[in-house]
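Subject: Structure for you to look at

Hello,

Here is the structure I said I would pass on.

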Amino acid sequence: MSATVKHSEERLMKVLLAPVISEKATFVAEKNEQVVFRVAPDATKPEIKAAVELLFKVEVDSVQVVNRQGKQKRAGRFVGRRNHTRQAYVCLKPGQEINFTEEAK
């Protein structure tokens, strides 16, 4: 795999859907210096890395990806399913940090 893979900027803007703000994500952020994002279902690790570096101007060390199955839910006799999601655990290089409270202002 070459380090100079080019991705279109338009595609990279669509890769990251939202940061995950949860108890587990906060714990992982403090312990392993990782940030968790919901990403597009067809996003690849190099695309996720390039998108985070482009949007937040930080250096990414590594990316781990998790495919989560949607929970089965029912309303009365009707059974449905939530959408499947894909999450990326992005490990930043030492000294790098993403602060979402400052970004929102």
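Glu-10 is exposed, with a relative accessible area of 58%; here buried means under 20% relative accessible area, exposed over 50%, and partly exposed in between, with a 1.4 Å probe and protein chains only. Glu-10 forms a salt bridge with Lys-14, and the closest N and O atoms are 3.8 Å apart. A salt bridge is a side-chain nitrogen of Lys or Arg within 4 Å of a carboxyl oxygen of Asp or Glu. Both residues sit in helix H1, four residues apart, which is about one turn of the helix. Lys-14 is exposed as well, at 53% relative accessible area.

Before the rest, a note on the source. The model is predicted, and residues are numbered from 1 along each chain as its sequence is written. Local features need pLDDT of at least 70, side-chain atom pairs count only at pLDDT 80 or more, totals for chains, interfaces and linings use all residues, and side-chain values use heavy atoms, with hydrogens and water left out.

The overall layout

The protein chain has four helices and six strands. Helices (H or I, at least four residues) and strands (E, at least two) are DSSP runs, numbered from the N terminus. Along the sequence the pattern is α-β-α-β-α-β-β-β-β-α. Of the 105 residues in the protein chain, 29% are buried.

The other salt bridges

How many salt bridges does the structure hold? There are four. One of them joins the side chains of Glu-47 and Arg-11, at 3.0 Å from N to O. Glu-47 belongs to helix H3 and Arg-11 to helix H1, so this pair ties together parts that are 36 residues apart in sequence. Glu-47 is buried, with a relative accessible area of 11%, whereas Arg-11 is partly exposed at 23%.

Lys-93 forms a salt bridge with Glu-59, with 3.6 Å between the closest N and O atoms. This pair links distant parts of the chain, 34 residues apart: Lys-93 is in the loop between S6 and helix H4 (100-103), and Glu-59 is in the loop between H3 and S3. Lys-93 is partly exposed at 32% relative accessibility, and Glu-59 is partly exposed at 42%. Salt bridges that share partners also join Arg-11, Asp-42 and Glu-47 into one network.

The nonpolar core

A nonpolar core is a set of buried Ala, Val, Leu, Ile, Met, Phe, Trp, Tyr and Cys residues joined through side-chain atoms within 4.5 Å. The largest one has 19 residues, and those with the most contacts inside it include Leu-16, Phe-37 and Ile-48. Two or more residues each come from helix H1 (9-15), strand S2 (34-39), helix H3 (45-56), strand S3 (60-68) and strand S6 (85-92). H3 gives the largest share, four residues. In soluble globular proteins, nonpolar side chains tend to be buried together.

Leu-55 is also found in helix H3, but Leu-55 is partly exposed, with a relative accessible area of 35%.

Regards
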